[in-house]
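Q: Hi! Could you walk me through this structure?

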Amino acid sequence: MQGVLTGFAVIAVVIAVGYAIGRRGYLGDQGREVLTKLAFHVASPALLFTTLAQTDLSVIFSSRLLVTALSTAAAAGVFVAVGAVRHWGVGRTTIGALCSSYVNSGNLGIPIAVYVLGDASLVAPVLLFQLVGVTPVALTILDLSGKGEKGPLWRRLLTPLRNPIAVGSLAGVAVSATGLRIPAPVLDPLTLIGGMSVPAVLLAFGISLCGSTMPGRGPDRHPVFLSVALKSVGQPAAAWALAAGVFGLRGAPLLDVVVTSALPAAQNLYTYASSYGVGERLARDSILLSTVLSVPVLVMVAALLG
């Protein structure tokens, strides 16, 4: 349980610092926007590149990853179906689907993997799947659904190559796949810059809470409640059913996939929403509520399956 509590404590402290910065106005009126742009265009691509460039890609071929992919698709699919029926719009539905299925495998998943599952590498398949598979697809949809995307088909098909997050991820995978060794004078500055990503995202998230109403209110309350229910209960339940009932996983492998599926929505989803100017409150409220609810869910999962 120490990993669960430690991971959440670290996140809570940094978000609280961001909230205090926002209340005091230390970064001015544009502080949140600057941090968001820094994370999206500079720090996060650097972090993803350095992480994936040094990852063994063989970990993606496993039944655990297949369970993760299927449970992710199930949770996101439910939200997309409801969003289509309720006419929530492509952009907002995409953000809501991400909040329903995209887990915090980085800054929260790693400490939980270390202290609860006993192996930090267990989150690598989830991280790779989300960065290489889910993120480019989702950001491409957001790009193509945004204003001003009226160019020829070939330009639209190359949308992922113009997105800094996708470029950083794909470049890291390419380096890992080819076995290239990046010289330290090149890798070290990128690692240093990438270290700003998580703090920038969390601080921007904390600043966004200043002057905001309680989560789960306003016009986005129904998408928020749906995404939180799917993320906190639906996705881990689907992962358990698939892992135990379809793939026959037991013991530690079963615990691994259910714990990773029960992680809350990732903070960087707010960065995506803010960068594209769509579903910002939906992302913020969903992340906050799923993070709070994931504490008892993770404790219960660890107690039942551990």
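A: Happy to. His 87 is exposed, with a relative accessible area of 70%; exposed means over 50%, buried under 20%, and partly exposed is in between, using a 1.4 Å probe and protein chains only. This is a predicted model, where local features need pLDDT of at least 70, side-chain atom pairs count only at pLDDT 80 or more, and totals for chains, interfaces and linings use all residues. Residues are numbered from 1 along each chain as its sequence is written, and side-chain values use heavy atoms, with hydrogens and water left out.

Q: Where does His 87 lie, and what is its phi near?
A: His 87 lies in the loop between α3 (63-86) and α4. Its phi is near 60°, a positive value in a residue other than glycine. Most residues other than glycine have a negative phi.

Q: How many helices and strands does the protein chain have?
A: The protein chain has 14 helices and zero strands. Both are DSSP runs numbered from the N terminus: helices are H or I with at least four residues, strands are E with at least two.

Q: And how much of the chain is buried?
A: Buried residues make up 47% of the 306 residues.

Q: What share of contacts joins residues at least 24 apart?
A: Among contacts between residues at least 6 apart in sequence, 83% join residues at least 24 apart. Contact here means heavy atoms within 4.5 Å.

Q: Let's do helix packing. At what angle do α4 and α6 pack?
A: Helix α4 (residues 90-101) and helix α6 (residues 124-145) pack at about 160°, with their axes 9 Å apart. The axes are lines fitted to C-alpha atoms, for helices over the stretch in contact, and angles run from 0 to 180 degrees between N-to-C directions. The two helices are therefore roughly antiparallel to each other. The cut-offs are under 35 degrees for roughly parallel, over 145 for roughly antiparallel, 65 to 115 for roughly perpendicular, and oblique for the rest.

Q: Which residues of α4 and α6 meet?
A: On the α4 side they are Val 90, Gly 91, Thr 94, Ile 95, Leu 98 and Ser 101, and they meet Gln 130, Val 134, Ala 138, Ile 141, Leu 142 and Ser 145 in α6. These divide into seven nonpolar, five polar and no charged residues. Nonpolar covers Ala, Val, Leu, Ile, Met, Phe, Trp, Tyr, Cys and Pro, charged covers Asp, Glu, Lys and Arg, and the others, Gly among them, are polar.

Q: How do the axes of α2 and α6 cross?
A: The axes of helix α2 (residues 31-53) and α6 come within 12 Å and cross at roughly 130°. That makes α2 oblique to α6. In this pair, Leu 48, Thr 51 and Leu 52 in α2 meet Leu 127, Leu 128, Leu 131 and Val 132 in α6. By class that gives six nonpolar, one polar and no charged residues.

Q: Why are α10 and α13 roughly perpendicular?
A: The axes of helix α10 (residues 197-208) and helix α13 (residues 268-276) cross at roughly 70°, coming within 9 Å, so the pair counts as roughly perpendicular. Val 201, Ala 204, Phe 205 and Ser 208 in α10 meet Asn 268, Tyr 270 and Thr 271 in α13. That contact has four nonpolar, three polar and no charged residues.

Q: Last one: what does Leu 305 touch?
A: Leu 305 touches Trp 240, Leu 254, Leu 255 and Val 258, leaving aside residues up to four places away in sequence. Leu 305 lies in helix α14 (residues 280-305) and is partly exposed, with a relative accessible area of 26%.
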